[in-house]
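Work through the exercises below with the structure open beside you. Try each task before reading its solution.

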Amino acid sequence: MQDVRRDHERLRERIVAGDAAAISRQHALGKRTARERLDLLLDEGSFVEIDLYRRHLGTGLKLRTRPHTDGVIAGSGTVDGRRVFVYAQDFTVFGGSLGEAHAAKIHKVMDLALATGSPIIGLNDSGGARIQEGVMSLHGYGGIFRRIVAASGIVPQISVVLGPCAGGAAYSPALADFTFMVRDTAQMYLTGPDVVHAVSGERVGHDELGGADVHGGRSGVAAFVHDDEVACLEEVRHLLSLLPSNNVDAAPSAGPCDATTDLRPRLAEVVPVEPNRPYDMRQVVEEVVDDGEFLEVHRDWARNVICALGRVDGETVGVVGNQPSVQAGVLDIPAAEKAARFVRFCDAFGIPLVTLVDVPGFLPGTDQEYGGIIRHGAKLLYAYCEATVPRVQVVVRKAYGGAYIVMDSRSIGTDLSLAWPTNEVAVMGADGAVNVLFRRELATAADPAELRAELIAEYAEALMHPQYAAERGLFDDVIDPAETRAAVAKGLAMLRDKRAEPPRRKHGNIPL
């Protein structure tokens, strides 16, 4: 027995140690190994590995070696003491390529995560499907995708791209709730530069085609982009601290901090009274959330809308806000998609929504209309309409046209609607309205400029004064800007026990 134990321990140590030469090559690429990444992600000493001895069947073409683990480290650990399930692809073994045994290990941890109601985290660093195993590699990917969809809205799913992620593998990050990427080392695409050149004649580099900044700022696939693996994995831990473990549990609470009596006079200075002057809505978010801290999702994509996770009086909230410093905060196709996905995530996991409104409307133009702004804008409308979590709307300044409706208005079901005294809510701005309503009078006036100014003032006084919507029950209160944080905190406390049963149906038909 002593000899058996010794041989077993030596085998285990050899498997865990890995191939020294391959590890050196991994480090030379500026990348950590799968086990080093797990050490950064998980609480010290918490990792419990499963399928350490798993190997492929050796029946594929040119598969002469059968290394243990088969190129993926799988198991469970804790983050700040809370259970998570994780797999980390090991590029030092077969380039992290996915074969039948590799996929089976991922399937197993995903099944366990769903069974225990725990978040799933995938660390991707793979050359893609293992060609030598043929269709079984593709079958393995299909099993992963089916499980991601089955777990969607039940447990949070986080995908971290730390190396190549090509072909079918790219759909795991695409289906996840949140995707992280690291600059310079992570690339993600369906078809690589060689295929692009062969088919289209276009020459493009790996980073230019599918680098972190491309997916963080242009495609919107990556929710978070970081310069290095340490910062990236630390942010994964931060994100998890704001999320519930599943759709039944509540998110971790930091405890109340007297938000209901916290006045913020700086808010009156941050937001200009003039409706067309820009400002940074992030400064408003800072004043509303606890300690001015929030985690912005998709910071560099669709920057005309802000989506962020933070806390109000110790409880996690999702914040959606127009961004007047970018395209005047107008809604367009990417902004609608970004906000709709975020709203649906928050609703799925019981996270209350706070919507900060300062929107001039939808972006006009043929590009938007031909691109389907009607259909894409309807995604955001649909997301808010079906959301059953507590919802608080704050109209900071202006809200015109259909964009007012879409940004969680009373008419589509917000629970509490607040407005600042600077609010202007109407079909359109006074200037545009006067041009439409009084076109003939202005065309024949002796002094069109003077008449226009008079009509604009008359229209604003009649239809856009601060109490106009409140008088009709569309705002529950008109508040001093300094009271915003306290009013939001009181509203969320009032709504904490909200219960809403979804209609009995298989699912709705969101305009995808």
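**Exercise 1.** In this predicted model, find how H4 and H5 are oriented to each other, and list the residues that meet.

*Solution.* 
Step 1. Locate helix H4 at residues 100–116. Helix H5 covers 135–151.
Step 2. Take the geometry. The two helices pack at an angle of about 10 degrees, and their axes are 9 Å apart.
Step 3. Classify the angle. Angles under 35 degrees count as roughly parallel, so H4 is roughly parallel to H5.
Step 4. List the contact. H4 brings Glu 100, Ala 103, Ile 106, His 107, Met 110, Asp 111 and Leu 114. H5 answers with Met 136, Gly 140, Gly 143, Ile 144, Arg 147, Ile 148 and Ala 151.
Step 5. Sort the contact residues by class. Eight are nonpolar, three are polar and three are charged.

**Exercise 2.** Which residues line the largest cavity, and how do they divide by class?

*Solution.* 
Step 1. Count the cavities. A search of the whole structure finds three of 30 Å³ or more.
Step 2. Pick the largest cavity. Its volume is about 90 Å³.
Step 3. Read the lining. The residues are Tyr 87, Met 110, Ile 120, Ile 121, Gly 122, Ile 148, Gln 157, Ile 158, Ser 159, Ser 172 and Ala 176.
Step 4. Assign elements. Strand E4 (120–126) and strand E5 (157–166) each supply at least two lining residues.
Step 5. Sort by class. Seven are nonpolar, four are polar and none is charged.
Step 6. Link back to Exercise 1. Met 110 and Ile 148 line this cavity, and both also belong to the contact of H4 with H5.

**Exercise 3.** Describe the second largest cavity: its volume, its lining and the elements behind it.

*Solution.* 
Step 1. Take the volume. About 50 Å³ of space lies inside.
Step 2. Read the lining. Tyr 87, Gln 89, Leu 98, Ile 106, Asn 124, Tyr 141, Ile 144, Ala 169 and Ser 172 surround the second largest cavity.
Step 3. Assign elements. Strand E3 (82–89) and helix H5 each give at least two residues.
Step 4. Sort by class. Six lining residues are nonpolar, three are polar and none is charged.

**Exercise 4.** Which helix gives the most to the lining of the second largest pocket?

*Solution.* 
Step 1. Take the volume. The second largest pocket holds about 370 Å³ of space.
Step 2. Find its centre. Of 19 lining residues, the closest to the centre are Ile 15, Gly 18, Asp 19, Asp 90 and Val 93.
Step 3. Assign helices. H1 (2–17) and H3 (34–41) each supply at least two residues. H1 gives the most, with five.
Step 4. Sort the lining by class. There are 10 nonpolar, five polar and four charged residues.

**Exercise 5.** At what angle do H3 and H10 cross, and with which handedness?

*Solution.* 
Step 1. Take the geometry. The axes of H3 and H10 (residues 229–242) come within 9 Å and cross at roughly 45 degrees.
Step 2. Classify. That angle makes H3 oblique to H10. The crossing is right-handed.
Step 3. List the contact. Arg 37, Leu 40 and Leu 41 in H3 meet Glu 229, Val 230, Leu 233, Val 236 and Arg 237 in H10.
Step 4. Sort by class. The contact has five nonpolar, no polar and three charged residues.

**Exercise 6.** Describe how H13 packs against H15.

*Solution.* 
Step 1. Take the geometry. H13 (333–348) and H15 (373–386) pack at about 20 degrees, with axes 8 Å apart.
Step 2. Classify. This makes H13 roughly parallel to H15. H13 passes H15 in a left-handed crossing.
Step 3. Sort the contact residues by class. Nine are nonpolar, two are polar and five are charged.

Key: Residues numbered from 1 in each chain as written. Predicted model: local features only at pLDDT ≥ 70, side-chain atom pairs only at ≥ 80, totals over all residues. Heavy atoms only, no water. Axes fitted to C-alpha atoms, helices over the stretch in contact; angles between N-to-C directions. Helix = DSSP H or I, 4+ residues; strand = E, 2+ residues; numbered from the N terminus. Parallel < 35°, antiparallel > 145°, perpendicular 65-115°, else oblique. Left-handed = near helix turned anticlockwise from the far one by under 90°. Nonpolar A, V, L, I, M, F, W, Y, C, P; charged D, E, K, R; others polar. 1 Å grid on protein atoms, 1.4 Å probe; cavity = no way out; pocket = protein on both sides within 12 Å on 5 of 7 lines; lining within 4 Å. Points joined across faces, edges and corners; volume = space filled by probe spheres on them. Contact = heavy atoms within 4.5 Å.
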